[in-house]
Amino acid sequence: MKHIEKGVSLKYAPRDFLRDLNVDNASTGLVAGILGLSVGVVHISAGTAAGLDSSFIMIWVISYLMINGLFGLFMPAYYRLPLPMANSIPGALMFAAVIPVIGLEAALGASLIAGAITLIAGLTGVMGIVMRLIPMPIVMGMVGGMLLSFGLNMVEPLESAIVPASIMILAFFISSRLFRKIPPLVVAMLAGILYLIATGVDLSGIAATIRFPEFIVPEFTLGAFLTYGLPLAIILVGMETPAGVGLLKGMGYKEVPANGITAVGGLGTMVSSFFNLHSTCIAAPMTGICASPEAGTHDKRWVAAVIAGAIFVVAAPFYGYVVSLLEATPRYFIAIIAGLALMRVITSSMAIAFAGKKHEIGALFAFLIAASGIQILGIGATFWALVLGVVVSAIFETKDFEFIFTREIAKKSG
Amino acid sequence: MRIHKDWSIPAITAGFVAVLISYSGPLAIFFQAAQSAEISSAMMTSWVWAISIGAAVSGIFLSLWLKVPVVTAWSAPGTALLVTLFPGLSLNEAVGAYLTAAMIIFVIGITGSFDRIIQMIPPGIASAMMAGILFQFGVGIFISLESVPALAIGMIIAYLLFKRLTPRYSLVLLLVVGIALAILLEGASLDGVAIQLAEPQFIRPEWTWNATLSLAIPLVLVSLTGQFLPGMAILRTSGYTTSAKPIVTVASLTSFFTAFFGGITTVIAAITAAICTSKEAHEDPDKRYVAGVANGVFYLVGGTFAGTIVALFTSLPGEFVAVLAGLALIGAITSNISAFAAEKSHLEASVITFIATASGVSFLGLGSAFWGVIAGALAYNVLHRRFRPTPQG
């Protein structure tokens with residue numbers, strides 16, 4: 001356990017939560033929570049496309065919110081850092097695709113092993129070493145590319161829904177200039193909601209249902225491990241965790257518990273596999289929102305992640321209701337709010353990646369690959385962004401890697 | 001004429017290499033524009049003829065006149081801009097916009113206000129728009145990786161190797177390897193490629209507000225900041241103190257004539273200029289102008305056989321052209337993103353420009369580059385005064 005970073009404590013967390021709560025972190029936490037809820041739509045469409053039973057899909061999403069939400073309450077409260085937890089989206093797409101082929105129990109067994117591998121990567125401290133060896137500009141190039149799509153999705157509604165889109169975007173920028181007290185995100189959301197009310201949004205299709213996660217015993221097969229478990233482990237260790245850790249570092253957090261995040265993600269994934277869920281890990285886009293300057297001062301941003309976790313847990317049993325609510329709000333609404341929340345994160349990750357004049361080409365490859373959103377061998381773009389970014393940088397910018405040697409020397413002499 | 005005494009093999013080689021590189025990389029972007037405009041090969045031939053002749057005439061004239069290696073070419077970021085506008089924009093409108101752009105650049109050149117105008121444009125906004133236009137090409141490399149993995153991976157590896165071993169010839173070698181891979185892996189056939197003389201086709205210009213705002217204005221901006229600015233900087237760092245005035249004026253006059261045949265704005269070269277202005281072209285800086293002349297002569301040859309070049313590109317798969325264009329632009333994308341990321345004083349406005357331009361969103365019929373500049377200029381004026389750096393500095 002010696003590699004797992006120590007946190008603050010859980011004992012005073014509720015008291016500190018109330019002390020640190022403010023309108024900035026509450027509003028960003030709300031936005032992150034809503035973004036996380038809207039991700040359930042990905043599960044629904046992937047599951048439906050793979051021909052899964054709609055009752056199972058609902059259980060899957062409810063487990064996602066409930067289990068990830070519980071871990072999402074614990075992590076930020078323990079480390080006092082904006083560490084929202086969710087599941088892996090590429091993992092979800094793979095999970096839905098393999099169930100008809102290898103069966104649900106075997107897929108969950110593979111998840112369990114992937115979780116164990118991730119846990120070991122955290123416990124042995126491998127993750128911390130990997131994160132120190134990948135140059136920051138490349139990590140931030142990847143983060144910038146990954147989040148850029150949120151920026152682009154924010155601009156896209158200008159084509160089809162120019163009036164509400166420009167009202168929301170302008171409200172954000174004008175209020176960030178005029179009122180210092182009210183978070184611009186809140187103003188943008190209110191402007192959007194007012195517009196929706198004024199134009200009459202159809203809420204008639206909303207229906208309430210209540211369901212809870214269900215227990216299931218996983219099964220182990222070698223085939224399931226090779227087709228799904230191994231890629232999932234690579235996704236969790238190589239893609240989800242580096243993205244979240246890189247983001248936090250980029251936002252100015254010096255001590256990021258890379259091993260702790262990995263280990264808890266692994267443990268969470270193992271728990272998940274008993275409840276029809278494929279993974280638990282740090283949620284990169286939500287981390288971007290909770291750790292952004294919009295969430296107030298650095299030391300209080302953890303509250304935003306706790307709120308996001310709480311929203312997950314509370315909303316989980318009523319997800320049927322949430323889905324119909326999400327379907328009633330126009331698509332652009334969440335796209336714009338998420339894009340606005342991530343604007344400054346995108347800005348600073350691009351600045352860190354490209355303003356330092358080191359690892360430029362590696363950072364560019366990482367940026368472009370992550371932005372392209374390609375999937376190769378079932379593993380998403382951010383993993384390939386890191387791998388190719390480092391390879392390209394090692395070929396072209398060999399001398400920029402000197403930091404590895406100088407650090408070793410510094411460690412020995414210090 | 002001094003030129004019989006001054007000519008040398010290295011200078012002529014430099015001119016040849018510069019032309020070969022232009023045809024290997026930047027021309028691929030122009031082909032993507034032509035593909036998005038869904039035009040016939042005959043029309044594409046006319047376009048290639050026009051840009052080659054424009055580069056040839058202005059380059060030979062300027063190099064002989066000024067006795068400086070002035071390498072001219074077509075506006076590469078301008079062609080990238082075209083890809084986003086076609087097929088919504090008609091050919092006649094595009095030609096109208098080329099003429100408007102040539103007029104504006106001519107006025108800037110003849111009044112000698114080039115340096116002043118360059119200073120007026122916030123550097124971050126200009127680079128961010130350029131990066132936004134070029135962004136899609138960079139992403140295109142990796143999108144092709146999903147559809148034609150073997151070809152794309154082969155080309156990426158070839159590019160990395162050649163770039164590391166012989167940076168100067170990397171694009172030319174990449175073209176050769178890429179063609180070989182396309183034939184071997186994708187079953188492309190070069191049977192249709194034959195020597196043929198180009199026949200230019202006249203396009204009647206049509207002037208519209210739409211084309212002026214979406215094409216002409218951004219074209220002027222990217223040509224000034226993406227070609228004339230770095231091109232003049234390359235000349236100056238090589239020790240030539242030539243003023244921008246004659247170069248900008250002659251290039252824009254040439255553009256005016258080639259526009260009627262589909263030739264986009266002629267500009268001073270940025271990607272290939274350094275080859276002809278460096279020591280490798282000739283030890284004596286006063287004799288390097290021969291490289292500029294040679295460059296022009298090889299463009300004349302290329303223009304004359306434009307049909308052959310078009311046939312070569314059209315017989316290769318679209319993904320090949322996409323990967324080639326993307327790899328040719330890697331350097332340009334890197335330098336533009338770095339340029340705006342380093343411009344801390346108006347970083348937020350630059351990122352807004354970048355995102356708006358890269359989104360490719362067009363509304364009211366106007367292209368994203370135009371909206372990118374508008375959004376950036378707005379954000380620059382609204383935000384930059386109260387700009388505070390993000391907490392980590």
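Let's start with two helices of chain A in this predicted model: the axes of helix 5 and helix 12 of chain A come within 7 Å and cross at roughly 160°. An angle over 145 degrees counts as roughly antiparallel, so helix 5 and helix 12 of chain A are roughly antiparallel to each other. Their crossing is left-handed.

Now look at what sits between them. On the helix 5 side of chain A you'll find, among others, Ser111(A), Gly115(A), Thr118(A) and Gly122(A), and these belong to a set that meets residues of helix 12 of chain A including Asn259(A), Ala263(A), Gly266(A) and Met270(A). Sort the residues of this contact by type and you get nine nonpolar, eleven polar and no charged.

Next, hop over to helix 6 of chain A, which spans residues 126–133. Which of its residues are buried? They are Met127(A), Gly128(A) and Met131(A). Seen down the axis of helix 6 of chain A, these buried residues fall within an arc of 100°, so they line one face of the helix. The face turned away from that buried side carries the exposed residues Ile129(A) and Leu133(A). And here our opening pair returns: the cover over the buried residues of helix 6 of chain A includes helix 5 and helix 12, along with helix 11 (222–250), of chain A.

Finally, step back to see both chains. In all, 33 residues of chain A are in contact with 29 residues of chain B. On the chain A side, the elements giving two or more residues are helices 7, 8, 9, 16, 17 and 18 of chain A. The residues on that side divide into 21 nonpolar, six polar and six charged.

Notes:
Residues numbered from 1 in each chain as written. Chains lettered and ligands numbered in written order. Predicted model: local features only at pLDDT ≥ 70, side-chain atom pairs only at ≥ 80, totals over all residues. Contact = placed C-beta atoms within 7 Å. Helix = DSSP H or I, 4+ residues; strand = E, 2+ residues; numbered from the N terminus. Nonpolar A, V, L, I, M, F, W, Y, C, P; charged D, E, K, R; others polar. Buried ≥ 20, exposed ≤ 12 C-beta atoms within 10 Å, placed from the backbone. Arc of directions from axis to C-beta. Axes fitted to C-alpha atoms, helices over the stretch in contact; angles between N-to-C directions. Parallel < 35°, antiparallel > 145°, perpendicular 65-115°, else oblique. Left-handed = near helix turned anticlockwise from the far one by under 90°.
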